Amino acid sequence: MADGLFMPDGTFQPFSGAELSTELATRQSAGVFFGELDGWLNTLPDPDPVLRKRGDDAVILRELSADDQVTTAMLSRKNRVLNCPHFSIRAGAPEGETPTPEAEELHRRFMRDLERANLRTVITGMLDAPFFGFTPLELVWRFDGDWWHVVDIVAKPYHWFRFDSRNNPVFVGEYGLFCADPRPLPAGKFVFVTHHATYDNPYGLRLLSRCLWPVSFKRGGLSFYARFVERHGMPWVVGEAPAKATALEKQDMARGLSRMVQDAVAVIPYGANVKLEGAGQTQGALHESFLARQDRAISKVLMGQTLTVEMEGKNSQAAAQTHADVADDLADADKAMVTDAWNEIAWLYAQVNAGPGVFAPLAEYDEPEDLNVQADLGKKIREMGAKFTREYFTGRFGLKPEEFTLEDEAMPPMEGNADFSAPADRETLADKAQKNLDAAIKKMLPDALKSSREFVTEVENAVREAKSFDELEEALAELLAPSMQPDALESFLAGAMTAAAGHGAASVQAEADEDA
């Protein structure tokens, strides 16, 4: 049969294997000629809109970390991942299966090689990717006998690398724009950690470039604000000369007031008046608000929110929780990015040493279950009528059997005393009454319905879930109406209600006995 697809209208659309295996939408076929991408450099230009508009190269992003707000936000975002203790690397295996001996041995050797590396430093380099778009990691190998060992994993400067027309990374060095011969990277040598990289933008989404304008405005505002404070922060000395003072006397008074600014001592003519005037607070508050606006913009770009980095006056608990949730979401995304990078490193390690038949080690952040969430869920299930066993508490919450007792379970006897408690499995009067009601209704069912175990179970469930005689009568009528004649149904319901009345009396007696 020829290769092809049946279309929705029933027609057959053939295709060839060559068409499927060939990339159609390329830069060349789209009319983007390779020579026009970045001139004679033969690498893709950086499409970052902020950098292109300013005419800057990505190397300028390194200078932004000198800003205090940028540094605080970067460290805060990194530390949410670096301080997470639940990172691990395990032997690889298919889902639900145990690792093979070869995979276990590969994992053991991989972890032994990583003992020589500073994993925290490596992860710190990986976490630079959101700020600079991507982080190149160079793998340093050493061949020993029959095994390639990873000696070190080093994060290299991002601006030493660019991408060619096929989005392959190339090495250009410190002066990348002037490198006439970019060097292709050897296989198995580099792993690139990228942040939202696309075909159109292999350089990734650089968050620091979005902070260029806020930092620039902030620096300019700080310079102006410093001059403003120097000029207007000190009080003005205002002197009122007597009405009959001559010009020479006014000049002498001005010189005296000028000296007063330095040593706080001045001699003024008789009848003159001196007072100190402060600059208005409106101008200072305006500059403070302007600078705070830039800090908030930086925090939003790098952290997604502001309240985990700075306080903004009065904030509700709901707002603080919302901002914390946003920070947690970014931390989860960063953890996934770190996990992907480690898995690629482990995959290269497996390909070099074991080949494609052995599963590579797998990295993951194994977050423990939130016990508060589990407790709330258990409370809701309990309110629905469920009863828990000891295995529920020991398996779900890690409690030891001797650390708790269940509601229906007798306390263990004290040593040396007689045990007057009832057995844990003793059947109560209410339970007996419920079972008698189930048996009575089942006995009254027609033989044709009794043979269906599924139908009997539905009847028993309806009896247990009914909270009143009316609910029981409605539930039984709904179940039995399709299968019984009206006269037979009426007779059955009458007998069932009589049995239910007896059940009610037994339940009341059971409660009275328990209270006594």
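This briefing describes strand pairing, one glutamate and the aromatic rings in the structure above. The model is predicted, so local features need pLDDT of at least 70, side-chain atom pairs count only at pLDDT 80 or more, and totals for chains, interfaces and linings use all residues. Residues are numbered from 1 along each chain as its sequence is written, and side-chain values use heavy atoms, with hydrogens and water left out.

**Strands S4 and S9**
- Strands are DSSP runs (E, at least two residues) and helices are DSSP runs (H or I, at least four), numbered from the N terminus.
- Strand S4 (residues 134–144) runs antiparallel to S9 and is joined to it by five bridges; two strands pair if DSSP finds at least two bridges between them.
- Four of the five residues of strand S9 (residues 190–194) are buried, so this strand is largely enclosed by the rest of the structure.
- Buried means under 20% relative accessible area, exposed over 50%, and partly exposed in between (1.4 Å probe, protein chains only).

**Glutamate 138**
- Glutamate 138 belongs to strand S4, and its bridge partner in S9 is phenylalanine 190.
- Glutamate 138 counts as buried, at 15% relative accessibility.

**Aromatic rings**
- Rings of Phe, Tyr and Trp (its six-membered ring) pair if their centres lie within 6.5 Å; planes under 30 degrees apart count as stacked, over 60 as edge-to-face and the rest as tilted.
- The count by this rule is 18 aromatic pairs.
- Tryptophan 141 and tyrosine 349 form a stacked pair, 6.2 Å centre to centre with 20° between the planes.
- This pair links strand S4 with helix H10 (residues 317–353), its members being 208 residues apart.
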